[in-house]
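Please look through the chain below before you try the exercises. Each task is followed by a solution that goes step by step.

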Amino acid sequence: MSTRLRIKIWHRKQRYTIRRHRKLNMTYRVGVAVVGTVLILAGLVMIPLPIPGPGWGSFFLGLGALSTEFEWAHRVTSFMFASLRRVGELTRSWWNTFDAAVHRRVERVTGVRFVRTWRDFQWSFQTPYAFA
């Protein structure tokens, strides 16, 4: 069993134990809400800063913390992950099409395709060069 799975199982056991006690559960949820809200607010404050990264990272970290306890936050993060996956697939397909077109153009202009074909064909012979 992987370490990640062990940690996940341990955390679920702890969480189920906390859920059984009403006051402890409410305290835990309030603590998660406070931590998540502070992270989101800190992220919103840091987003306009000229340094890249910490604002958005803090924002998404806070949203992730909130999504562990609140259904609305979980729906938001699930929607964001699905949207990012779709955008990634579209970008990847667009890039592959663009990259193939650029390579075809470069090969047509420079004649690299002929050199590559000749080089690959040389491997079928015993000597390093076909005409040696």
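The model is predicted, so local features need pLDDT of at least 70 and side-chain atom pairs count only at pLDDT 80 or more, while totals for chains, interfaces and linings use all residues. Residues are numbered from 1 along each chain as its sequence is written, and side-chain values use heavy atoms, with hydrogens and water left out.

**Exercise 1.** Describe the elements of the chain and its burial.

Solution. Begin with the elements, where helices (H or I, at least four residues) and strands (E, at least two) are DSSP runs numbered from the N terminus. The chain has five helices and zero strands, and the order from the N terminus on is α-α-α-α-α. Next, turn to burial, which means under 20% relative accessible area, with exposed over 50% and partly exposed in between (1.4 Å probe, protein chains only). Of the 132 residues of the chain, 17% count as buried.

**Exercise 2.** Work out how helix 3 packs against helix 4.

Solution. First take the geometry: helix 3 (residues 54-67) and helix 4 (residues 71-110) pack at an angle of about 130°, and their axes are 7 Å apart. Helix 3 is therefore oblique to helix 4; angles under 35 degrees count as roughly parallel, over 145 as roughly antiparallel, 65 to 115 as roughly perpendicular and the rest as oblique. Then find the residues that meet, with contact meaning heavy atoms within 4.5 Å. Phe-60, Leu-63, Leu-66 and Ser-67 from helix 3 meet Trp-72, Ala-73, His-74, Val-76, Thr-77 and Met-80 from helix 4. Sorted by class, this contact of helix 3 with helix 4 has seven nonpolar, three polar and no charged residues; Ala, Val, Leu, Ile, Met, Phe, Trp, Tyr, Cys and Pro count as nonpolar, Asp, Glu, Lys and Arg as charged, and the others, Gly among them, as polar.

**Exercise 3.** Is Phe-59 buried or exposed, and which residues does Phe-59 touch?

Solution. Start by placing Phe-59, which lies in helix 3. Because its relative accessibility is 18%, Phe-59 counts as buried. Not counting residues up to four places away in sequence, Phe-59 touches Leu-39, Ile-40, Gly-43 and Leu-44. As for distance, Phe-59 and Val-45 are 14 residues apart in sequence and 9.4 Å apart in space, C-alpha to C-alpha.

**Exercise 4.** Locate Asn-25 and explain why Asn-25 counts as buried.

Solution. Asn-25 is found in helix 2 (residues 22-46). Its relative accessibility is 19%, so Asn-25 counts as buried. With residues up to four places away in sequence left out, Asn-25 touches Arg-15, Ile-18 and Arg-19.

Key: Axes fitted to C-alpha atoms, helices over the stretch in contact; angles between N-to-C directions.
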